[in-house]
Amino acid sequence: MRHIINILDLSVEEIEELMDTADDILANPGRYNEVCRHKILATLFFEPSTRTRLSFESAMLSLGGQVLGFSDSGSSSSAKGESVADTVAIVSGYADIIAMRHPKEGAPLVASMHSRVPVINAGDGGHYHPTQTLTDLLTIRHEKGRFENLTVGLCGDLKFGRPVHSLIEAMSRYAGVKFVLISPEELKLPSFVKQEFIKDKGIEYRQSRSLDDVIGDLDILYMTRVQKERFFNEEDYLRLKDTYILTPEKMKLARPDMIVMHPLPRVNEISTAVDDDPRACYFRQAYYGRFVRMALIMKLLGVHAE
Ligand code: CP
């Protein structure tokens, strides 16, 4: 039995295999629509979600399985004080696989220690979001055709943005990748990511407060939302929330083949006027999420198409 708590729980080869399966599902969905018959996915979401929860549920339903769970911790017994460990010990008797989102960093890891079935981290606080990274990698493979030798700009809330942390970990394993870290001082990348996955690996990087100064150097611009829910005071959030707004004018400074990604939801950081630019791929990115999650569920349950 395996759990996916961090993207590094999957080797480069396993990620490649998941991408191949996702692509085969995209091409031949009918081959997969019964593979998880009689299997149950539990989605335990202690924090709001649209894409992750619904794409997990859509993934399991598309594989012929069933889903149960909650999307609001207030409707579960955690509202009465039940611990994550006890919740998972119980739910793992009702389901074959669990996807969990929690506001506390490390909660899915604790869950995995008390579960009888595989646990997938669907986002833990400002820590990690490994299945978002699988979605991001499938997008990069489709849009850029490679993972190597790419200059990846990460812009916005690099401190709390868990998709950023997981994407840096994943991309740091490919040769020739460079990072450009674009953020205000207060939202810089935490040292637990920067030290281990950039500096210690000798990866080339630079930091900038200005998006305009660096956008022309990027193969990928990964925009992020300033994470209001992680701020301790509203004044800081209001001061920082509109630091970066990507507009069609800024896109004129970018290369013709640069792609714009965003894990979504967006607030103001990408103008809707950018949506029609062919380089904007954040809606395609969200679409791919269902297929990589189908591939991941199959892998963890050990099921295959005929
Ligand atoms: N990208 C992402 O995790 O979106 P949701 O919060 O809607 O799941």
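Helices (H or I, at least four residues) and strands (E, at least two) are taken as DSSP runs and numbered from the N terminus. The structure is a predicted model, in which local features need pLDDT of at least 70 and side-chain atom pairs count only at pLDDT 80 or more, while totals for chains, interfaces and linings use all residues. Residues are numbered from 1 along each chain as its sequence is written, and side-chain values use heavy atoms, with hydrogens and water left out.

The loop between α1 (12-27) and β1 (40-45) contains G30. Burial is classed by relative accessible area, with buried meaning under 20%, exposed over 50% and partly exposed in between (1.4 Å probe, protein chains only). G30 counts as exposed because its relative accessibility is 52%. Between G30 and I120, which are 90 residues apart in sequence, the C-alpha to C-alpha separation is 25 Å.

An oxygen atom of the ligand lies 2.6 Å from a polar side-chain atom of S49, and a polar side-chain atom of R51 is placed 2.9 Å from an oxygen atom of the ligand. For Q132, an N or O atom of the side chain is 3.0 Å from a nitrogen atom of the ligand. Of the 250 Å² of accessible area that the ligand has on its own, the protein covers 91%; accessible areas come from the Shrake-Rupley method with a 1.4 Å probe, and for residues only the protein chains shown count as cover.

The peptide bond from L264 to P265 is cis, with omega near 5°, and P265 belongs to the loop between β9 (259-261) and α11 (282-301). A positive phi, of about 55°, is also found at N149, which is not a glycine. N149 sits in the loop between α5 (130-144) and β5 (151-155) and is exposed, since its relative accessibility is 52%.

Strand β8 (residues 220-223) is covered on both faces, with I220 and Y222 buried on one side and L221 and M223 buried on the other. In a regular strand the side chains alternate between the two faces of the sheet. Two strands are said to pair if DSSP finds at least two bridges between them. Strands β5 and β8 pair in the parallel sense over four bridges, with C155 opposite M223 in β8. Strands β8 and β9 also run parallel and are joined by three bridges, in which the partner of L221 is V260 in β9.

Helix α6 (residues 162-171) is mostly covered, with ten of its ten residues buried; among them are R162, H165 and E169. By contrast, Y94, in the loop between α3 (84-91) and β3 (97-102), is exposed, with a relative accessible area of 54%.

Terms used:
A polar contact is a pair of N or O atoms within 3.5 Å; within protein, one must be able to donate a hydrogen and the other to accept it, and residues adjacent in sequence count only if both atoms are side-chain atoms.
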